[in-house]
Amino acid sequence: MRRGEDVMVDEHLRELAARLQGPARLKSDLLTEARHGLLDAVEAYRESGVPPTEAQRRAVVEFGSPAQVLPSWQAELAVGALRGLSMRMLAIAGVGVVAGDLTWRGASWSDGPRPPAGYLLLSNSVDWIWMSTLLLAVVGLLVVRASARSPRPGLALAQRAVGTGLTGLLVLGIVTGGALFTWSLNLWDAALHWPPMIIGAVLVGGAYFSLTRAARGWLLATTR
């Protein structure tokens with residue numbers, strides 16, 4: 001059953017929650033920890049003889065206003081969002097680097113005319129984008145780890161740089177990957193009926209959707 005002294009605490013936490021943006025689990029953990037601390041403070045004031053309403057007020061004031069609390073919390077959420085983005089990028093780019101050529105192996109058109117030079121350049125560009133994404137994702141995880149140990153201003157700039165780089169590579173990957181797939185269909189009619197090609201397109205589409213959500217979450221957490 002909800003206690004009377006929870007009311008002001010919950011109102012304060014609702015105001016904080018409405019202004020925070022970041023990974024849901026981390027955000028929930030921060031608010032839960034804050035609630036426990038606030039209720040402990042309320043209880044301590046009440047045990048010292050302070051009336052319930054005043055105990056709530058003092059605990060909330062002592063905890064800090066949104067302007068005082070939000071910057072550090074939002075920075076923590078931004079780091080968490082970068083961690084999630086980097087981990088997804090690492091996993092998906094790793095698969096892309098390893099399995100990128102599997103779509104074409106055994107294709108009925110593999111022994112046909114050599115593709116145009118522009119097509120080969122675009123294909124190689126997709127491979128390089130995956131590789132760059134893989135390496136930058138590793139850098140992102142290292143920056144996140146360093147930030148957890150010692151939050152310095154320089155690391156905050158590094159977080160933004162890595163997150164911006166990963167987001168840019170994602171956009172570039174979507175554009176070049178879509179162009180390569182479309183060009184492939186124009187070059188070889190059989191490509192549309194080649195199972196590895198179809199499966200690869202579905203999996204890559206799902207991967208890009210997942211990465212886009214992660215990148216959007218990082219952007220919102222960083223620009224909040």
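**Close-up views of a pocket and a helix pair**

**View 1. Volume of the second largest pocket.** The second largest pocket holds about 500 Å³ of space. A pocket is an open set of points on a 1 Å grid over the protein atoms alone, where a 1.4 Å probe fits, with protein on both sides within 12 Å along at least five of seven lines. The volume is the space filled by probe spheres set on the points. The model is predicted: local features need pLDDT of at least 70 and side-chain atom pairs pLDDT 80 or more, while totals for chains, interfaces and linings use all residues. Residues are numbered from 1 along each chain, and side-chain values use heavy atoms, without hydrogens and water.

**View 2. Lining of the second largest pocket.** Of the 25 lining residues (an atom within 4 Å of a point), Ala 75, Glu 76, Ala 78, Val 79 and Gln 159 lie nearest the centre. Helices H4 (66-99), H5 (117-149), H6 and H7 each give two or more residues; helices are DSSP runs (H or I, at least four residues). H4 gives the most, 10 residues. The lining divides into 13 nonpolar, six polar and six charged residues.

**View 3. Crossing of H6 and H7.** The axes (lines fitted to C-alpha atoms over the stretch in contact) of H6 (residues 153-187) and H7 (residues 195-223) come within 10 Å and cross at roughly 155°. The two helices are therefore roughly antiparallel (angles over 145 degrees).

**View 4. Residues between H6 and H7.** In contact (heavy atoms within 4.5 Å) are residues including Gln 159, Leu 170 and Phe 181 of H6 and Tyr 208, Leu 211 and Trp 218 of H7. The contact residues divide into 10 nonpolar, eight polar and one charged.

Terms used:
Axes are lines fitted to C-alpha atoms, for helices over the stretch in contact, and angles run from 0 to 180 degrees between N-to-C directions. Angles under 35 degrees count as roughly parallel, over 145 as roughly antiparallel, 65 to 115 as roughly perpendicular and the rest as oblique. Ala, Val, Leu, Ile, Met, Phe, Trp, Tyr, Cys and Pro count as nonpolar, Asp, Glu, Lys and Arg as charged, and the others, Gly among them, as polar.
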